[in-house]
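Have the model open while you read.

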Amino acid sequence: MLNIILFVLVGGLAALLAVLLTKLKSVRVNLQFLQDNLDHARLKLSQYDHQIDDSQYELSQLRMQISGLKTTLNKYQRYQDIYDIEQYVINRKLQADSFVEMTKLDAAIMIDDIKAYIERVKAYIITFQKEALNHVEQQAEKKLQRYYQQAQEEDRLQKVVEALEHKIQGYQHAFTCTVQEIVDELVDGYQDTDAALHLAVVRDRIEEMIKTAKAATCNYLDEDRRNTTIDMITLAFNSRAELYLSRLHAENLDQMLQALQDDFHLINYKGQGLSQASINPIYLDLRLEELKFAALLLCLKQTCNPAMLSCSGSSLKPILT
């Protein structure tokens, strides 16, 4: 019985000893951990001490720099007014530049507005002048219509009389202007090909006016009668124009031009009895230009090659209806 009790006591002591050993081991591990933490803390503290020393050194350097800057600031403090003035001048200059740019912009806008206003005024003046002239002409025609028509009739009759005198007296000694004087006005800058091409264009326009019945006008209401009259006086005038063109040479351009103008006045005078039938002045100008450029080609033929002679000569074929 005693042995059992001893055995139980020994077992309990062994168990207690095992527990104590386990706790002792845990304490040692904790102690080692605390020791490591302590060593790490000491290392960090040492680093912090070094950082504090470095910070103290940098702080002392900064204090020295501050002291130097204060000395420099005290040295240049007396120039502060000059700096302030310089800044003021710079600011004012910027303001002045801005004002100048704004003024330029405003001036440009104002100039554009003034130009537009001037153009409107010019347009108004032109319109007003036209309206005023039309009004004056209308008033003049109303008040002096009889005298105005009489003056027109006298002028027309004077031209008819002059044309009749030219027809009666002839054209041999009636004019002093030579063909060279007239052709010199056309020949500047023209070559034979230019003159021939221009003459072809003129003759095309003549043909176009004949085809469209625009060479003459007539006031007959009946269309057939009106067209017949226009064809008749156009044919008469064209016959005279082609006759003068066929008789044209280097010495009689002035005579042919005057003869064609005289026929224009005579035919229009005779056409008054056919409901105011007359040759269009534009058509007269075309036929006069035809004569001038035909004379120009005659002068240029002296230096023209044979091929161009045949070309220019072919452009002078008659135009008759």
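At roughly what angle do the axes of helix α6 and helix α7 cross?

## The α6/α7 pair

Keep in mind that this is a predicted model. Two packed helices are described by the angle between their axes and the distance between the axes. Here, α6 covers residues 223-246 and α7 covers residues 253-270; their axes come within 10 Å and cross at roughly 165°. Angles over 145 degrees count as roughly antiparallel, so α6 is roughly antiparallel to α7. As for handedness, the crossing of α6 and α7 is right-handed.

## Who touches whom

On the α6 side, the contact is made by Ile-233, Ala-236, Phe-237, Arg-240, Ala-241 and Tyr-244. Facing them from α7 are Met-256, Ala-259, Leu-260, Asp-263, Phe-264 and Ile-267. Sort the contact of α6 with α7 by class and you get 10 nonpolar residues, two charged ones and no polar ones.

## The cavity

How many cavities of 30 Å³ or more turn up? The count comes to one. The largest cavity has a volume of about 40 Å³.

Its lining is made up of Met-209, Ile-210, Ala-213, Lys-214, Ala-215, Ile-230, Asp-231 and Thr-234. Helix α6 shows up again here: α6 gives the most to the lining of the largest cavity, with three residues. Both α5 (192-211) and α6 supply at least two residues each to that lining. By class, the lining of the largest cavity has five nonpolar, two charged and one polar residue.

Notes: Residues numbered from 1 in each chain as written. Predicted model: local features only at pLDDT ≥ 70, side-chain atom pairs only at ≥ 80, totals over all residues. Heavy atoms only, no water. Axes fitted to C-alpha atoms, helices over the stretch in contact; angles between N-to-C directions. Helix = DSSP H or I, 4+ residues; strand = E, 2+ residues; numbered from the N terminus. Parallel < 35°, antiparallel > 145°, perpendicular 65-115°, else oblique. Left-handed = near helix turned anticlockwise from the far one by under 90°. Contact = heavy atoms within 4.5 Å. Nonpolar A, V, L, I, M, F, W, Y, C, P; charged D, E, K, R; others polar. 1 Å grid on protein atoms, 1.4 Å probe; cavity = no way out; pocket = protein on both sides within 12 Å on 5 of 7 lines; lining within 4 Å. Points joined across faces, edges and corners; volume = space filled by probe spheres on them.
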